[in-house]
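These are my notebook entries on a structure that I looked up. I record salt bridges and the surroundings of selected residues.

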Amino acid sequence: MRKQRILNRYFLAPLLVIFVLPGNSFAHDGPPFPIVVDQNIGPCVVSVWTDPDVGTGTFFIITSPLPGGSLPSDLKVEVAVQPVSGRLAEVSYPAERDPSRDNVQFRSLVQFDTQEMWRVRVKVQSAQGNGETTATVEATPPGLGRWDLLLYLGPFLAIGFLWFMAFMRKRRRSVAS
């Protein structure tokens, strides 16, 4: 009977940690996600993907020509951010063309000083025309680095451990019979 209580503790401990004692949840931790998709802005169609980490956030601006047109060779892209609360003035960051892509993609590194909602304005400029779009995004704390893998692997390891314990218990019962 004592052995059974010890085994029950091993089964209940991971469940207690997973369901009863939740830690802080992060609003976003992972790959970039879209905030603007296929929107006509000035002389091109634009999609904006972001990984808005506190500290340095990254914006990827993917441009393609309007139907039947071509992208201007003098295309310039700029990302401007400002807290929704208005506590800071808007700050603009130039986007640099990413030469490693088949399509025309720009990348901009933006500074976020705290976790909150930010207004994002993407400006496109060329001799063929100008345009802009706005979106809001929440700057989130950066991940835990290498510890992310262990954190995300934890529930799978716990389920694997529970499965292994059930398998061993069933095996002991069949051997005893």
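Which residue forms a salt bridge with Glu132? I found that Arg121 is the partner, the closest N and O atoms being 2.9 Å apart. The pair links distant parts of the chain, with Glu132 in strand β8 and Arg121 in strand β7, 11 residues apart. A salt bridge here is a side-chain nitrogen of Lys or Arg within 4 Å of a carboxyl oxygen of Asp or Glu. Strands (E, at least two residues) are DSSP runs, numbered from the N terminus.

I note the basis of these entries: the model is predicted, local features need pLDDT of at least 70, side-chain atom pairs count only at pLDDT 80 or more, and totals for chains, interfaces and linings use all residues. Residues are numbered from 1 along each chain as its sequence is written, and side-chain values use heavy atoms, with hydrogens and water left out.

Entry on accessibility. I looked up both partners: Glu132 is partly exposed at 46% relative accessibility, whereas Arg121 is buried at 19%. Buried means under 20% relative accessible area, exposed over 50%, and partly exposed in between (1.4 Å probe, protein chains only).

Entry on the network. The structure holds 5 salt bridges. I found Arg87, Asp113 and Glu116 linked in a network of them. Arg87 pairs with Asp113 at 2.5 Å between the closest N and O atoms. Arg87 lies in the loop between β4 (76–83) and β5 (91–97) and Asp113 in the loop between β6 and β7, so the pair ties together parts that are 26 residues apart in sequence. Arg87 also meets Glu116 in a salt bridge of 2.6 Å, N to O. Arg87 is partly exposed at 40%, as is Asp113 at 48%, but Glu116 is buried at 16%.

Entry on Ser47. I located Ser47 in strand β2 (residues 44–51), where Ser47 is buried, with a relative accessible area of 10%. Its side chain reaches the backbone nitrogen of Asp38 at 2.9 Å. Beyond residues up to four places away in sequence, Ser47 touches several residues, among them Val36, Phe60 and Ile62. Contact means heavy atoms within 4.5 Å.

Entry on Asn130. Is Asn130 buried or exposed? I found it exposed, at 56% relative accessible area. Asn130 belongs to strand β8 (residues 129–138). A polar atom of its side chain lies 3.2 Å from the backbone nitrogen of Ser126. Asn130 and Cys44 are 86 residues apart in sequence, yet 9.4 Å apart in space, C-alpha to C-alpha.

Note on methods:
Helices (H or I, at least four residues) and strands (E, at least two) are DSSP runs, numbered from the N terminus. A polar contact is a pair of N or O atoms within 3.5 Å; within protein, one must be able to donate a hydrogen and the other to accept it, and residues adjacent in sequence count only if both atoms are side-chain atoms.
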